[in-house]
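Let's take a walk through this protein and look at a few spots worth a second glance. Have the sequence and the 3D view open as you read.

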Amino acid sequence: MELASNVVYGEDAASKQWFTWNQVTWAASAAPPAVPTPTPTPTPTPTPTPTPTPITIPDGQASATITASNTTVTATGGDHMVFLSGSGDTVNLTGGKETISDTGSGNTYVLPTAAQGFDTFSTALPASDKLDLRPVLAATTWDGTAGSLAMYLHVDNTPAGAYISVSNDGNAGQANAVALLQNTPATTLSALLPSLITH
């Protein structure tokens with residue numbers, strides 16, 4: 001074996017005597033020093049990311065300020081003013097009239113089904129926000145095809161803002177409004193589609 005300083009050690013198999021080779025001659029030697037075992041680098045233990053606590057807004061609470069991110073926010077009854085500044089939240093507000101001010105980003109709003117609540121967005125939604133219409137559309141007879149979506153989902157521009165409404169059987173004359181987008185320029189269903197979750 002070769003250690004530092006180009007010193008070569010060898011062992012005579014018969015006598016079990018060690019010798020060194022100094023590039024010129026062999027000389028009797030003590031056993032070579034032990035080769036130090038490298039100390040392994042410890043693998044750092046990752047710090048677990050705390051799971052945000054889900055937030056439930058009580059029925060009788062008039063307003064709620066949500067600053068947490070990556071959590072779920074739920075209300076199943078009552079009318080509320082909701083001020084949301086977190087990001088990556090999933091917000092499911094049903095059973096009442098909700099007025100939402102969103103200054104965060106990347107939030108998803110699960111809209112209530114027809115006659116099970118109404119959401120008013122008082123601020124223009126950030127482009128990264130999503131409106132989840134899957135429960136709304138699941139309560140209709142929509143067949144899930146893109147070609148028939150406009151028979152069930154409608155966007156109507158008014159001085160108050162853009163209303164999103166749904167027809168249970170595809171009849172636009174019997175549509176029920178589920179949300180109002182205030183402070184939003186006149187829009188269309190096609191323009192909103194990138195912000196809608198339908199499947």
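Keep in mind that this is a predicted model. Trp18 has Ser29 as its bridge partner in E3. Together E2 and E3 make a hairpin with four residues between them, and Gln23 in the turn has a positive phi of about 80°.

In a regular strand, side chains alternate between the two faces of the sheet.

Now for the inside. The largest nonpolar core has 32 residues, and Leu111, Phe121, Leu131 and Ile164 have the most contacts inside it. Leu131 touches, among others, Tyr109, Leu111, Phe121 and Ile164.

How many aromatic pairs are there? The count is two, and here they are:

| Pair | Centre to centre | Angle between planes | Type |
|---|---|---|---|
| Tyr109 and Phe121 | 5.0 Å | 80° | edge-to-face |
| Phe118 and Tyr163 | 6.3 Å | 40° | tilted |

Tyr109 is in strand E10 and Phe121 in strand E11, so their pair ties together parts 12 residues apart in sequence. The other pair links Phe118 in E11 with Tyr163 in E14, 45 residues apart. Phe118 is buried at 18% relative accessible area, while Tyr163 is partly exposed at 26%.

One last stop in E11 is Asp119. Asp119 is buried yet has no salt bridge, and the nearest side chain of opposite charge, Lys97, is 11 Å away. Its contacts include Leu93, Val110 and Leu180.

Terms used. Residues numbered from 1 in each chain as written. Predicted model: local features only at pLDDT ≥ 70, side-chain atom pairs only at ≥ 80, totals over all residues. Heavy atoms only, no water. Helix = DSSP H or I, 4+ residues; strand = E, 2+ residues; numbered from the N terminus. Buried < 20%, exposed > 50% of the residue type's maximum accessible area, 1.4 Å probe, protein only. Lys, Arg positive; Asp, Glu negative; His and termini not counted. Salt bridge = Lys/Arg side-chain N within 4 Å of Asp/Glu carboxyl O. Contact = heavy atoms within 4.5 Å. Pairing = 2+ DSSP bridges. Core = buried A, V, L, I, M, F, W, Y, C linked by side-chain atoms within 4.5 Å. Phe/Tyr/Trp six-rings, centres within 6.5 Å; stacked < 30°, edge-to-face > 60°. Lists of a residue's contacts leave out its neighbours within four places in sequence.
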